[in-house]
Every structure is written in structure tokens, then in C-alpha cells.
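Subject: Structure handover

Hello,

Here is the structure we spoke about. Please open it alongside this note; my findings follow below.

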Amino acid sequence: MHFKPVPDYHMHTPRCNHATGTVIEYAQAAVDAGLSEIGMSDHSPMPGDFDKAWRMHRSELNGYLQEIKQAREIFSDRLTIRIGLEADFHPGTQGYVEDMIAAHDWDYVIGSVHYIGDWGFDNPDCIQIWDTWNIEDAYTAYFDLVAASAKTAMFDIIGHPDLIKKFGHRAPKGSQAVHQAEEAMLQAVLQSGAALEISSAGLRKPVAEIYPHNRIVGRAATLGIPFSFGSDAHSPVEVGHGMDDCLTELSNFHTHEIASFEARKRCMIPISHA
Ligand SMILES: [Zn+2]
Ligand SMILES: [Zn+2]
């Protein structure tokens, strides 16, 4: 490691039906990897049948909170454990998400876009739908939604901000439309005061690249947008994965601090060499 570990704020539990490991196991993995702070951020409940198979049910929310609080007690002398959530931004569901956020005490809420309309574009089961889309249109539609998510000011962190590239579909080089949509997204994030997540998850996906692309990291850094780090761990072995690559990327763009959240207040902590 070039860098001392920073908080990893993106990890899941089996409640979302596509992750393994208890919170205690995630916490132990974090301690073993030398981290001093993590946050759990499982896929939030959403109204109706929205993406139902891939997230916790509303009835599981209390158990989720209890499990994190219990792990917090057990690890209190070694590890700070934050209580977070990865909520989806999807037009029409905002009221439900707002109520849910207001009903509990979170340290932070990540806002993520996983759907364009009813298309779960990052879901391997829906990959053939890519064939029916113009890639440039998919990118602009995606960035427009991420910008809209930031404009709600509901979220503390904007999750994996170019997830649209997950399977390696690339917008045409030099596309003005995509460039403008990216810029509008970053301006919306800047206005909202949210942190932009730098995520190592893309390194484990077909695109084999950090989210977001280094062009976006560079522009965000220039604008002074704060970053948070997330591994998007869906199993304890992924905790802290790719952290050094992400921190190297940030430092290449002269960014030397990273976000920490408590009770939805952000403070910036220095990134320092190990
Ligand atoms: Zn997931
Ligand atoms: Zn996500």
C-alpha cells in the first residue's frame, strides 16, 4: 500500500439477495486489511416491485440496523462502523425514499442510478437490451439521471458515477453530447454539496476500470468536488479492494483528502502515505 487505508463506505449484506457475509465478517475483514473505518450501505427498500429481487425488503430494515449496531459494539475499540444505505434514484420513487431516509438515523445515504426507465442496465440478466440502444443515448440518459439524483439534494454520496460503462460499452470518443451530460452531472453534484464516490468495483467488472473514468475524476477534482471511497463489497473479501488504485488516481489529480460522514455531516480527512 502506498497510502494509509481510508474509510470504505460501500458494502452490502445478504439482505439484498446478491451478497454474502455478516456485518461482523465485513468488520473483521476491514480490521485485517488495516482499515479503521467502514460503513455498511446495503441496497435500500424501494416501493412496489421496483427491482425487488436485488434489495432488502422494508421489513428487513430494522434487522439491518440492529446488526450494524451490534457489530459496532463488538468492534468499538478497533473500528468505526457507520450506518449507511445505498438508495436508488428513480423518477417517481422519491417520496418513498425521502420517508425512509427520514425514518432512521443514517450516517450517510448513497444515491445510485441502476435503471434507465425500466431497464436495469447494469444487470447481467438485461444485457441483451443494450443491443436495442444507441450507446451515446444510453450514456446521456444515464448522466441526466445522475444529475437529477444530485439535484434532489437527498443524497450524501453519488454512487459509482459512471456505472453505465460496466459491461464495457463505450460512448463514441469525443462525443459532445456525452461530454455535456457529464459536465452537467458534475455541476449538479457540485451544487448539491454531495461527495462523488470513487469506486473500485469497476476493476472487478468487464470494463476493468475505476468508476468514474479518470477524465471525470480530473474534472471533479478541478471543480473541488469532494470524493468518498467505496469498494462496493458484496462479500467480506472485497472490503478495501482496489483502495490503493483509487487513492493513487486521486493523488494524480492533486486530491489529498477523502470524505468521512457522521450523522450526515461530512468532514474531510487527509489521505496520507503509509
Ligand atoms: Zn449490489
Ligand atoms: Zn450500486
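L196 touches I158, P161, L186, V189, P212, I216, A220, I225, P226, F227 and S228, leaving aside residues up to four places away in sequence. Contact here means heavy atoms within 4.5 Å.

This is a predicted model: local features need pLDDT of at least 70, side-chain atom pairs count only at pLDDT 80 or more, and totals for chains, interfaces and linings use all residues. Residues are numbered from 1 along each chain as its sequence is written, chains are lettered from A and ligands numbered from 1 in the order in which they are written, and side-chain values use heavy atoms, with hydrogens and water left out.

**Cores**

L196 belongs to the largest nonpolar core, which has 83 residues. I38, Y64, W106, Y142 and L196 touch the most other members. Helix α4 gives the most to this core, with nine residues. A second, separate core has seven residues, including Y9, I110, A259 and F261. A nonpolar core is a set of buried Ala, Val, Leu, Ile, Met, Phe, Trp, Tyr and Cys residues joined through side-chain atoms within 4.5 Å. Buried means under 20% relative accessible area, exposed over 50%, and partly exposed in between (1.4 Å probe, protein chains only). Helices (H or I, at least four residues) and strands (E, at least two) are DSSP runs, numbered from the N terminus.

**Strand β5 and the sheet**

L196 sits in β5, where I158 stands opposite it. β5 is mostly covered: five of its five residues are buried. A195, E197 and S199 lie on one side, L196 and I198 on the other. β4 and β5 pair in the parallel sense over two bridges. Two strands pair if DSSP finds at least two bridges between them.

These strands are part of an open sheet of six, in the order β1-β2-β3-β4-β5-β6, with parallel pairing. β1 and β6 are the edge strands, and each pairs on one side only. β3 and β4 also pair in the parallel sense, over two bridges. There, the bridge partner of G111 is I158 in β4.

**Hairpin**

β7 (residues 257-262) and β8 (residues 265-270) pair in the antiparallel sense over six bridges. I258 has I269 of β8 as its bridge partner. Two residues lie between the strands of this hairpin, and A263 takes a positive phi near 50°.

**Helices**

α4 and α5 pack at an angle of about 10°, with their axes 8 Å apart. That makes α4 roughly parallel to α5. Angles under 35 degrees count as roughly parallel, over 145 as roughly antiparallel, 65 to 115 as roughly perpendicular and the rest as oblique. Axes are lines fitted to C-alpha atoms, for helices over the stretch in contact, and angles run from 0 to 180 degrees between N-to-C directions. The α4 side of the contact includes Y139, F143, V146 and A147. The α5 side includes V178, A181, M185 and V189.

In α6 (residues 214-223), the buried residues are I216, V217, G218 and A220. They pack against α4, α5, β5 (195-199), β6 (227-230) and α7 (243-252). G224 follows α6 and has a positive phi, near 85°.

**Zinc sites**

H18 (NE2), H43 (NE2) and H234 (NE2) coordinate the zinc ion (ligand 1), at 2.0 to 2.1 Å. Donors are N, O and S atoms within 2.8 Å of the metal (3.2 Å for Na, K and Ca); water is not among the atoms, so sites may look incomplete. The donor residues of the zinc ion (ligand 1) are spaced H-x24-H-x190-H. H18 lies in the segment before α1 (23-32) and H43 in strand β1 (residues 37-43), so the pair ties together parts that are 25 residues apart in sequence. H18 counts as partly exposed, at 26% relative accessibility. H43 counts as buried, at 7%.

The zinc ion (ligand 2) has E86 (OE), H114 (NE2) and H160 (NE2) as its protein donors, 2.1 to 2.2 Å from it. Their spacing in sequence is E-x27-H-x45-H. H114 lies in the loop between β3 (108-112) and α4 (135-151), and H160 in the loop between β4 (157-158) and α5 (176-192), so the pair ties together parts that are 46 residues apart in sequence. Both H114 and H160 are buried. The zinc ion (ligand 1) and the zinc ion (ligand 2) are 5.4 Å apart.

Best wishes
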